[in-house]
Amino acid sequence: MNKTLVGILVILVVVAGGWFVLKDSAPVNTGTGPIKIGFIAPLTGDADVYGEPVRNGAQLAVEEINRAGGINGRPIEMVYEDGKCNGKDAAGAARKLTSIDKVGYIVGGVCSAEAFGFEPIITEAKTFVLMPGASAPKLAGLSPYLMRNNPNDNITGVAIANFLGKSYKKPAIIAEKTDYAQGIKDVFLAHAKQNGLSVVSTQDYDTNTSDFRTVLTQIKNANPDVVWIDAQTSANLIRIGTQARQLGIQAPFITAPFNDQSLIDTGALLDGLITATPPGLATEGKGAQFVEAYTKAYDAPPEYSFYAGAAYDGVYLIAQAIENVGDNPAKVSGYIHSIPSYTGTIGTYHFEESGDVVGIDPVFQKLTGGKFVNL
């Protein structure tokens, strides 16, 4: 009897132990659950002027994909976080998305400061990020999990130097102390001299500055023939432009990449402003279809349509990659890196090994008579 009881107990222990081993080693079945995609962009503050259309563009793509059956039958669940256009808040958003929400993918990083803030976190978590806006040159190749379909500021900085060199000789620069503004300024300065430009004044300012008269007085005394307002947001651009005109600075303004309604609403104040901005969406094909769908969904066409379209493309690129290589961020990164050509709302493009987009170049526009026109 004792031997029988011992035998039964041994069998029970072995079976129970085996069950626990199988339980611990068995993969979690996520084949029918939602695929979570995080989102980080400025949803409050001055920079929400482009954060909001980026969010709307991403959400539009999610809704379309889910209506069509999701990704291999699995719906997308988007988790939105406010990066507030700074590294600290973007890092906090990334920690939440990776550790609590357990997302494998993020569309976001509109401001370069956001991207620098969250990069270490997403790289450690091996979370793939496709950025529709962050453009600082130093982001190129920073992480195998970081890509962008917005042009590197190396392209824009060189383009501004080339453009000004055709018509001006003595530019002055007033630049915000942010990763974006300082990055594009550095590229411009490296190419100014070879374009026949002699920069007569370079002034930097903190983001929370509201009174620019001291630095603008120094610019006025330098007598520039053009002033580059290198701001992070169109709100700061308007503040600086207003105070510059009040001080009697009559030189024309150039900026990047702003061309939103708030600038048009300034009337004569900023008339003549030149902007180096990403190209507008095509009037046919996916670009036109996106604008039509966006307008129907949100009762107005998108401001900063390029960034909205880039976010929309970003969701579709991630979905296409998962459909082809599975729900694996490393494989998704490899797949998108290797795409020979992708035609989206913002154009036809592909990606370098560094994660930078190829095929998207800035255009120059001028604010004239209440509208921006291509030059």
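The largest pocket and its surroundings

A: Asn-259, Gly-280, Leu-281, Ser-305 and Gln-365 lie nearest the centre of the largest pocket, out of 23 residues that line it. The model is predicted: local features need pLDDT of at least 70 and side-chain atom pairs pLDDT 80 or more, while totals for chains, interfaces and linings use all residues. Numbering starts from 1 along each chain as its sequence is written, and side-chain values use heavy atoms, without hydrogens or water.

The volume of the largest pocket is about 480 Å³. A pocket is an open set of points on a 1 Å grid over the protein atoms alone, with protein on both sides within 12 Å along at least five of seven lines; a cavity is a set where a 1.4 Å probe fits but cannot get out, and lining residues have an atom within 4 Å of a point. Points join across faces, edges and corners, and volume is the space filled by probe spheres set on them.

The lining of the largest pocket has 13 nonpolar, seven polar and three charged residues. Here Ala, Val, Leu, Ile, Met, Phe, Trp, Tyr, Cys and Pro are nonpolar, Asp, Glu, Lys and Arg charged, and the others, including Gly, polar. Three elements each give at least two residues to this lining: helix 11 (305-325), strand 14 (363-368) and strand 15 (371-374). Helices (H or I, at least four residues) and strands (E, at least two) are DSSP runs, numbered from the N terminus.

Two strands pair if DSSP finds at least two bridges between them. Ala-175 has Asp-230 in strand 8 as its bridge partner.

Helix 11, the other contributor to the pocket lining, packs with helix 2 (residues 48-67) at an angle of about 35 degrees, and their axes are 7 Å apart. Axes are lines fitted to C-alpha atoms, for helices over the stretch in contact, with angles from 0 to 180 degrees between N-to-C directions. On the helix 2 side, the residues that meet helix 11 include Gly-57, Ala-61 and Glu-64, and those on the helix 11 side include Tyr-307, Ala-311 and Val-315. Contact means heavy atoms within 4.5 Å. By class, the residues of this helix contact divide into 14 nonpolar, one polar and one charged.

Helix 11 also lies across strand 11 and strand 12, and runs at about 140 degrees to strand 11. These two strands are part of an open sheet of three, in the order 11-12-13, with antiparallel pairing. Strand 11 (342-344) and strand 13 (357-358) are its edge strands, each pairing on one side only. Strand 12 (residues 347-351) is joined to strand 13 over two bridges, and Phe-351 has Val-357 in strand 13 as its bridge partner.

The structure holds one cavity of 30 Å³ or more, and the space in the largest cavity is about 210 Å³. Of its 21 lining residues, Gly-133, Ser-135, Tyr-180, Pro-257 and Tyr-307 are closest to the centre. Helix 5 (153-165) and strand 10 (274-277) give two or more residues to this lining. Pro-257 lies in the loop between strand 9 (253-255) and helix 9 (261-264), and is joined to Ala-256 by a cis peptide bond with omega of about 0 degrees.
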